[in-house]
Amino acid sequence: MVARGMAKTRTVFVCQNCGSKRSKWEGRCSDCGEWNTLVEEKPQIERKGWVSKSDSGRRVEATMDVYNLIDTPTLDAGQRIFTGMNEVDRVLGGGLVKGSYILLGGDPGIGKSTLVMQIAGALARRNAKVLYISAEESVQQTALRARRLGLKDERVDLASESSLDNIFASVLERQPGVLIVDSIQTVFTEDVESAPGSVSQVRECAARLLTLAKTKAVTVILIGHVTKDGSLAGPRVLEHMVDTVLAFEGDNHQQFRILRALKNRFGATNELGVFSMSGDGLNEVANPSEFFLEERRENRYGSAVFAAIEGSRPVLCEIQALCTSTPLPTPRRNAIGIDVNRVHMLAAVLEKYTALSFIHRDIYSNVVGGLRVTEPAVDLALVAALVSSERQTPLPANSCFFGEVGLTGEVRGSTLAMERVKEAVKLGFKNIYLPASNEKYLNLKEFMGTAEPTFHWIREVSQIDNKFSQSALASHPRDSVSPSL
Ligand code: TYD
Ligand code: MG
């Protein structure tokens with residue numbers, strides 16, 4: 001029992017997924033629907049009402065009529081800091097914006113600390129003042145890594161600190177242009193009682209760093225960890241708070257890494273930067289298409305090249321499919337790097353509109369190189385890979401595919417067809433299978449000359465199967481296996 005007159009310390013239960021608050025514990029957060037995410041935390045002192053007494057005389061410093069915005073200069077080059085790493089600059093929309101607030105998320109061990117250290121080095125080389133705060137590693141560890149990444153004469157201030165107040169003190173002392181905090185889940189402020197990494201801590205620390213970025217015009221780069229399901233750990237508010245959310249992805253066991261902008265107030269999203277991890281850090285990959293097709297072999301069945309668009313850049317990648325007979329009553333449909341529902345749908349469409357049947361077949365599909373493809377234009381490449389695997393015949397040499405497939409078996413036009421075709425031609429692809437409806441948007445004159453490709457205009461998925469069976473017989477008479485019809 002609480003004695004009368006004594007202040008009762010109430011606790012709140014905060015969902016670690018969405019940040020919503022409850023007065024009592026619940027097994028499932030009724031806001032976001034996640035199980036076992038409510039954690040007991042001590043509440044912060046909250047202001048009552050809109051304005052505190054001491055604030056009552058204040059008002060917003062500058063208000064501006066929208067019409068006057070015409071005279072306001074837009075972001076010019078002077079307000080951007082180029083890192084000098086082309087892939088990073090492009091993903092950011094043309095360099096770091098001064099005073100912007102950036103969150104870099106990724107799985108543990110993917111190379112976030114390596115990337116930001118290289119960015120720090122590149123910035124220092126261009127005379128930017130960088131303060132790198134590691135709340136996870138000692139200064140020696142960080143310095144050792146910097147040395148390994150080839151940083152020698154670059155002046156990057158390193159500190160190992162997890163208290164936010166101390167971080168602020170060193171920012172005021174050193175006056176950096178760019179502040180890097182590795183990671184937001186390990187810094188804490190004593191004003192919040194819950195443990196570092198909890199929603200309240202992350203939210204409070206991030207909010208204060210936001211104030212720092214905006215009032216002192218310091219560019220702040222936060223590193224954030226990613227939870228099991230791939231979302232950034234901590235509350236969603238973190239994503240709302242920052243100007244830019246970057247995701248660093250890839251397979252821990254493979255050497256390449258992909259940097260993408262999920263949100264960017266100063267540039268296009270879904271821009272893609274490709275790196276390969278080596279013994280001495282991350283190397284930028286200037287031509288991702290060559291990189292993703294490096295190990296591809298012609299004459300293999302179940303492999304098709306897809307002309308994808310990642311951000312604003314065309315990227316060719318390999319789509320693989322494997323169809324095998326199954327002992328299971330419900331065949332397996334497996335997809336890596338692609339939505340499994342697409343595989344279900346395309347198998348059903350092929351079942352209906354071609355002579356192929358997948359009823360007693362397992363289907364595995366894969367986007368090679370750890371890429372994730374979300375564009376509907378991948379459909380035609382996946383169809384080609386499926387048909388090729390099921391027919392046990394390689395696709396025609398030097399062929400490349402794109403186009404969306406509808407439920408009535410029709411092939412629909414894709415965006416940026418010209419960019420896709422140009423990239424394919426540049427890499428020496430001769431047979432381009434694309435939606436017939438894209439023809440009127442393509443400037444075919446551009447391709448007249450020596451390396452002119454053959455365009456195969458596709459209206460129906462059945463055409464792929466037909467064309468392919470014929471061309472397979474013509475171009476691979478020996479190694480073709482008779483179709484399993
Ligand atoms: P790190 O940047 O520490 O990952 P994160 O900060 O995302 O947790 O990188 C960890 C991995 O990167 C580690 O397994 C070793 C590898 N690595 C290299 O392969 N080459 C290098 O030059 C460096 C610094 C790291
Ligand atoms: Mg790290």
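User: What share of the contacts in the protein with a separation of 6 or more comes from residues 24 or more positions apart?
Analyst: That share is 67%. Contact means heavy atoms within 4.5 Å. A word on the source: this is a predicted model, where local features need pLDDT of at least 70, side-chain atom pairs count only at pLDDT 80 or more, and totals for chains, interfaces and linings use all residues. Residues are numbered from 1 along each chain as its sequence is written, chains are lettered from A and ligands numbered from 1 in the order in which they are written, and side-chain values use heavy atoms, with hydrogens and water left out.

User: How many helices and strands are there?
Analyst: The protein has 11 helices and 23 strands. Both are DSSP runs, numbered from the N terminus: helices are H or I with at least four residues, strands are E with at least two.

User: And how much of it is buried?
Analyst: Buried residues make up 49% of the 485 residues. Buried means under 20% relative accessible area, exposed over 50%, and partly exposed in between, with a 1.4 Å probe and protein chains only.

User: Which residues have the most contacts inside the largest nonpolar core?
Analyst: They are Phe 292, Phe 306, Leu 386, Phe 401, Val 421 and Ile 464, in a core of 63 residues. A nonpolar core is a set of buried Ala, Val, Leu, Ile, Met, Phe, Trp, Tyr and Cys residues joined through side-chain atoms within 4.5 Å. Helix α9 (residues 379-391) gives the largest share, eight residues.

User: Where does that core lie?
Analyst: Domain 2 (79-286) and domain 3 (291-477) both give residues to this core, so it lies between them. The domain bounds come from an automatic or database domain assignment. Another core lies apart from it, with 34 residues, including Ile 102 and Phe 275.

User: What does Phe 306 touch?
Analyst: Beyond its neighbours within four places in sequence, Phe 306 is in contact with several residues, among them Val 315, Leu 316, Val 373, Phe 401 and Arg 420.

User: New topic: sheets. In what order do the nine strands of the open sheet come?
Analyst: The order is β8-β7-β9-β10-β6-β11-β12-β13-β14, with mixed pairing. Two strands pair if DSSP finds at least two bridges between them. β8 (156-160) and β14 (281-284) each have a single partner strand, so one side of each is left without a neighbour in the sheet.

User: How do β6 and β11 pair?
Analyst: β6 (residues 101-106) and β11 (residues 244-250) are parallel, over five bridges. Leu 103 stands opposite Val 245 in β11.

User: Which helix runs at about 160° to β7?
Analyst: That is α2 (residues 112-125), which lies across the strands of this sheet, including β6 and β7. Axes are lines fitted to C-alpha atoms, for helices over the stretch in contact, and angles run from 0 to 180 degrees between N-to-C directions.

User: Is α2 mostly covered or mostly uncovered?
Analyst: Mostly covered: 13 of its 14 residues are buried. Asn 127 follows α2, and its phi is positive, near 65°.

User: Which strands does β18 join up with?
Analyst: Seven bridges join β18 (residues 361-367) to β16 (residues 313-325), running antiparallel. Four bridges join β18 to β17 (residues 333-336), running parallel. Ser 365 in β18 stands opposite Ala 321, and Ser 365 is also the bridge partner of Ala 335.

User: Last one: why does Leu 272 count as buried?
Analyst: Because its relative accessibility is 1%. Leu 272 lies in β13. Leu 272 and Val 88 are 184 residues apart in sequence and 8.8 Å apart in space, C-alpha to C-alpha.
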